[in-house]
Amino acid sequence: MKVPIAQPVMTEKMIEAASNAYRNERLTLGESVFKFEEAFARMCGVKFAVAVSSGTAALQLSLQANGFKAGDKVVAPAMSFVATTNSFVPFGGVPVFAEVLEKDYTIDPAKLKAVIDNKTRAVIPVHLYGHVAAMDEINDVAKRNNLVVIEDACQAHGAVYRGRKAGSLGHAGCFSFYPTKNMHVGGDGGMITTNDDKVADACARMRHCGRKKGSNYEHDIIGYTYRLNSANAAIGLEQLKMLPEWNDKRRAAASVYDQMLKGVGDLVLPPSPTGDIAPVYHLYTLRTKKRYELKAHLESKGVGVGLNYEIPIHLQPVYRQMFGFKEGLVPVTEKCCREVIAIPMFADITMDQIKYVVENVKEFYSK
Ligand SMILES: Cc1ncc(COP(=O)(O)O)c(C=O)c1O
């Protein structure tokens, strides 16, 4: 048997929706884009959503629309995909890394204050693997220090925190529709969510080359070509309809993994859902001191694995080179990044596939 690490869905209905958009709409900023934005805002429980070309673009524009400028410091966890901080480093932002909680790999609010100074403009909590960060506590620290809060919800479509959705918990939320995410758009894409009309308006204009509202040839802000294509938005609309069901299926699969893997070897399981947090298991990640051996074993059996994230952002070669970051900056992050390994997780994973993965994990530990 072969079990991939992820399995993006593309149905005939989704292909048909894209074809309709190609036949009947403008290729960019067509009707489907605006329908997708409306539906996504509704799903998150916010007033506005602005569709863009990637999650990285969503983060960049959200920061800029919230007043970020060159020389500002932005706090983020180093246990994330490099795009979290790549969103502002090219624009003169200075990354500051906050330590994470070992229990769920999101920013430790108790350690946040210590990394803030008068140059700090924003904090980006990352809802890693689909588990929402401690937003009330983070918002509290941010408010007391005048920081903008941009949620990196690129892995958390539909995740719930104290009755509210990821993307509605800060000044803006950012989503990625990269194909392996909980929902995608049949290519690259992203979304910004916010309740702030000025931020939504600025993002919509920046994605469209900084055009002045109502004008084609006048540009009053610096902008970018970050539009989402209409056909991709049409696919996104169809995917969004499936999201609640897909997230439920991921949660059910995670619960089976939890039961079957509890107490096996030295494995540390992912954080379980609580009364406060309903995660969406973008990834199902384990921790072990033997991850390279486990990886080799599982791959030899046809089981896909991921090392998300083997290298924390501050220790990526380019970040070491640009900023001089070294080991020891965020010890909990570094330890977790040394041990983490993701096993197959996708909405349509079958019970047979889960059992096969678990059998092979157990076989590894019985040797
Ligand atoms: C946590 C996180 N942040 C940002 C991004 C960037 O999104 P994109 O690849 O759509 O630019 C991703 C996804 O790739 C991600 O997982």
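On a 1 Å grid over the protein atoms alone, a cavity is a set of points where a 1.4 Å probe fits but cannot get out, while a pocket is an open set with protein on both sides within 12 Å along at least five of seven lines; lining residues have an atom within 4 Å of a point. Grid points are joined across faces, edges and corners, and a volume is the space filled by probe spheres set on the points.

Good morning, colleagues. The model before you is predicted, so local features need pLDDT of at least 70 and side-chain atom pairs count only at pLDDT 80 or more, whereas totals for chains, interfaces and linings use all residues. Residues are numbered from 1 along each chain as its sequence is written, and side-chain values use heavy atoms, with hydrogens and water left out.

I begin with the cavities. The structure holds 2 cavities of 30 Å³ or more. The largest cavity contains about 110 Å³ of space. Its lining comprises 17 residues, and Gln 7, Pro 8, Val 9, Lys 181 and Arg 250 lie nearest its centre. By class, that lining divides into 9 nonpolar, 5 polar and 3 charged residues. For these classes, Ala, Val, Leu, Ile, Met, Phe, Trp, Tyr, Cys and Pro count as nonpolar, Asp, Glu, Lys and Arg as charged, and the others, Gly among them, as polar.

The second largest cavity has about 70 Å³ of space. The residues that line the second largest cavity include Asp 104, Tyr 105, His 131, Pro 270 and Tyr 281. Its lining has 8 nonpolar, 3 polar and 1 charged.

The largest pocket holds about 500 Å³ of space. It is lined by 29 residues, and the closest to its centre are Phe 81, Gln 155, Tyr 178, Lys 181 and Tyr 309. Two or more lining residues come from each of α3 (55-65) and α4 (83-86), and α3 gives the most, with 3 residues. Helices here are DSSP runs of H or I with at least four residues, and strands are runs of E with at least two, numbered from the N terminus. The lining of the largest pocket has 13 nonpolar, 12 polar and 4 charged residues.

What is the volume of the second largest pocket? The value is about 250 Å³. Of its 13 lining residues, Leu 29, Ala 204, Arg 205, Arg 207 and His 208 lie nearest the centre. Helix α6 (residues 197-206) supplies the largest share of this lining, 3 residues. The classes in the lining of the second largest pocket are 3 nonpolar, 4 polar and 6 charged.

Next, the ligand. Which residues are the closest to the ligand? Among the 15 residues that surround the ligand, the closest are Gly 55, Thr 56, Asp 152, Ser 176 and Lys 181; a residue is near a molecule if one of its heavy atoms lies within 4 Å of it. A backbone N or O atom of Gly 55 is 2.8 Å from an oxygen atom of the ligand. A polar side-chain atom of Asp 152 lies 2.7 Å from a nitrogen atom of the ligand. An N or O atom in the side chain of Gln 155 is 2.8 Å from an oxygen atom of the ligand.

Val 303 sits in the loop between α8 (291-300) and α9 (317-323) and is buried, with a relative accessible area of 2%. Val 303 and Pro 4 are 299 residues apart in sequence, yet 6.2 Å apart in space, C-alpha to C-alpha.

Thr 193, in strand β9, is buried at a relative accessible area of 0%. A polar atom of its side chain lies 2.8 Å from the backbone oxygen of Gly 167. Thank you for your attention.

Key. Polar contact = N/O pair within 3.5 Å; in protein donor to acceptor, adjacent residues only side chain to side chain. Buried < 20%, exposed > 50% of the residue type's maximum accessible area, 1.4 Å probe, protein only.
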